[in-house]
Amino acid sequence: MSKEKFAGVKGMNDMLPADAAVWQTLQQTAVGVLERYGYQEIRTPILENTKVFTRGVGEVTDIVEKEMYSFTDSMNGDQLTLRPECTSAVVRSVNEHSLLYGATQRLWYCGPMFRHERPQRGRYRQFHQLGAEALGMEGPDIDAEMIMMLARIWKELGVGDVRLELNTLGALPERQAHREALIKYFEGNQDVLDEDARRRLYTNPLRILDTKNPEMQELVNAAPRLLDFLGEESRAFLARMEQLVSAAGIEYVINPRLVRGLDYYNHTVFEWITDKLGAQGTICGGGRYDPLIEMLGGRPAPGVGFAMGMERVIELMRECGRVPVRTQTDVYVIHSGGDTQVQAMLLAEALRDAGVRVMVHPGKSGFKSQMKKADASGARFAVFAAEDELAAGTVSVKALREGEKSYAEQTALPLAGAAAAIAAALAA
Ligand code: HAM
C-alpha cells in the first residue's frame, strides 16, 4: 500500500476539534445579536455562475482579475466560480426567488469563501465570513442600525477595542465627476504611478487611492477628494448616518480614502479595524450597494450589508483572552466489561435523558488506563460501574477536579436514582 501522506490545499485550513468552541461561540453570539434585529438565515450554494461575480463585484477589481477560483464544468461547459464573497450570491438568490416583491429582507449568512490570494497571517484562500444584508430599505437609518448591531457584536464577544472607519462614495453622478477629476490629476502625474495604477487609470481610478505603494502615498494624499464632489442629498445622507451613530455613543473616524475592494458600493462604506492583528487588521467591511440588485437582473431596490472575516475575529478573541474553554464531556463512565458494560451504557443513556454529556469508556481496559482517559476527557465526575457494586444495586461516583463540591470522596449511589443525582450535582 502507498505510504503517501496528504497535506491540505495551501491557504486552506482545517478547523480542529480544539478550536470548535471558539468558532461556535463566535457564530452563536453574532447570530444571537442578528436575531434581535430581525435577521433571518439564508444559505446559497458555494458555486455560482461566474457572471454573478464578474457583474456583481466588478470586472476591474482584484477579486475578479486575480483571485477567483473559476472553472468550466466539464459535463456541460458552464462557467462556474467558487464564491469569493456572498453579497452577489445572496442578491442572485433574492432576485431568483422574488423575495423583494412587496417586501424587505434582513438576511444573514455564514460560510466559506474562496480567494486565490497570497496566504499569510489572517489571509487565506478559503476563509469564512459571517455577514448580513438588509435589502429594500433606503437608509441611512438601516445603515446606522447595522453599525449599532456590529458594535453590539464586538461588545458581546469581548473584543471591544475596534476602530470604526466610515466614508461615503456618494451617488453615481458625483462619483463620475470625481472620477474625471481623478483621471485628470493622475494623468498629470504619470511618472509617479506604478504599473497597477497605470493599468487602472482609465478603468478604475478610484482603486488607485487604495494603493499600498509607499512611493505613491504623497500623490494619493493630495488627490481630489470625493467628499468635495458630494451634492446636498449625499451630504445629508452621511450627516444623518453620523448623527444616528453618534447618538448611539459609537466612536468613528471619517476616512476619505476608504474605497473598498468591490465595485458595487455607493453612499455608506465602512470597515472595522484592530491594531492587534498586524497587517490584516480589518475584521469587517461593508456598505451600501443600491445599484447591485438591478445589475444582477432584479427590479431596482436598495441594499446595505457587511461581512466579517471569522478567522480574523477569532484571532482577535484569542488576543483579548476571550477563548471559551469547553471540555469534551461532564461524566466519564468506567466499567470492567461484560455485564458491567451493559449497565454502564444504560446509565449513560439515563444521564443523557437528563441532558448530561457522558462518555462511556470504549472496549475493555484496566482501571488505571480508564482513569487516565477519564481525567484527560475533562470530565467533572467519574462514575464506576464495578461488578461488586452493581451486584449490590449501586454505582459509585467521584469528583475528578479540585474544588468540586459534590462527591469529593468516592460515593456509592443506588443505581435507580444515580442519573438524577449526578445531573443535580452537575447543575448545582
Ligand atoms: P470584503 O471586505 O471583501 O467584503 O470582506 C469582508 C471581510 O472578510 C474582510 O474585512 C476580512 O475580514 C475578511 N476577508 C476577506 N478576504 C479574506 C481572506 N483572504 N482571508 C481571511 N479573511 C478575509 C465583502 O466580502 C463584502 N461582500 C461585504 C459586504 C456585505 N458588503 C456588503 N454586504
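A residue is called buried here when its relative accessible area is under 20%, exposed when it is over 50%, and partly exposed in between, using a 1.4 Å probe and protein chains only. His267 is found in strand E9, residues 266–273. Its phi is near 45 degrees, a positive value in a residue other than glycine. The names of such elements follow a simple scheme: helices (H or I, at least four residues) and strands (E, at least two) are DSSP runs, numbered from the N terminus.

Before we go on, a word about what you are looking at. This is a predicted model, in which local features need pLDDT of at least 70, side-chain atom pairs count only at pLDDT 80 or more, and totals for chains, interfaces and linings use all residues. Residues are numbered from 1 along each chain as its sequence is written, and side-chain values use heavy atoms, with hydrogens and water left out.

Let us turn to the ligand. It is surrounded by 27 residues, the closest being Glu85, Thr87, Glu117, Glu133 and Tyr265; to be near the ligand, a residue must have a heavy atom within 4 Å of it. Three strands, E6 (126–135), E10 (282–288) and E11 (303–309), each supply at least two residues of this shell. E10 gives the most, with six residues.

A polar side-chain atom of Tyr265 lies 2.6 Å from a nitrogen atom of the ligand. Gln129 has a side-chain N or O atom 3.0 Å from an oxygen atom of the ligand, while for Gly309 a backbone N or O atom lies 3.3 Å from an oxygen atom of the ligand. On its own the ligand has 660 Å² of accessible area, and the protein covers 95% of that. Such areas come from the Shrake-Rupley method with a 1.4 Å probe, and for residues only the protein chains shown count as cover.

Next, follow helix H1, residues 20–36. Its 17 residues reach 24 Å from first C-alpha to last, close to the 24 Å expected at 1.5 Å a residue; the expected span is 1.5 Å times one less than the number of residues. H1 is followed by Gly38, whose phi is positive, near 85 degrees.

Two loops are worth a stop. In the loop between E6 and H5 you will find Pro140, and a cis peptide bond joins Gly139 to Pro140, with omega about 5 degrees. The loop between helix H4 (87–96) and E5 holds Ser98. Although Ser98 is not a glycine, it has a positive phi of about 50 degrees. Ser98 is partly exposed, with a relative accessible area of 37%.

Now move to helix H15, residues 415–427, whose 13 residues reach 19 Å from first C-alpha to last, close to the 18 Å expected. Ala418, Ala419, Ile422, Ala423, Ala425 and Leu426 are buried in this helix. Seen down the axis of H15, these buried residues fall within an arc of 160 degrees, so they line one face of the helix. The arc is that of the directions from the helix axis to the C-beta atoms. On the other side, Ala416, Ala420 and Ala427 are exposed. The buried residues of H15 pack against helix H12 (338–353) and several strands, among them E12 (331–335) and E16 (411–414); contact means heavy atoms within 4.5 Å.

Finally, look at two single residues. Ala374 lies in helix H13, residues 367–376, and is buried, with a relative accessible area of 0%. Not counting residues up to four places away in sequence, Ala374 touches Tyr332, Ile334, Ala379, Leu400 and Arg401. Asn49, in strand E2 (residues 47–49), counts as partly exposed at 43% relative accessibility. Leaving aside neighbours within four places in sequence, Asn49 is in contact with Gln79 and Leu80. The C-alpha atoms of Asn49 and Leu82 are separated by 8.9 Å, and these residues are 33 apart along the chain.

How values were computed: Polar contact = N/O pair within 3.5 Å; in protein donor to acceptor, adjacent residues only side chain to side chain.
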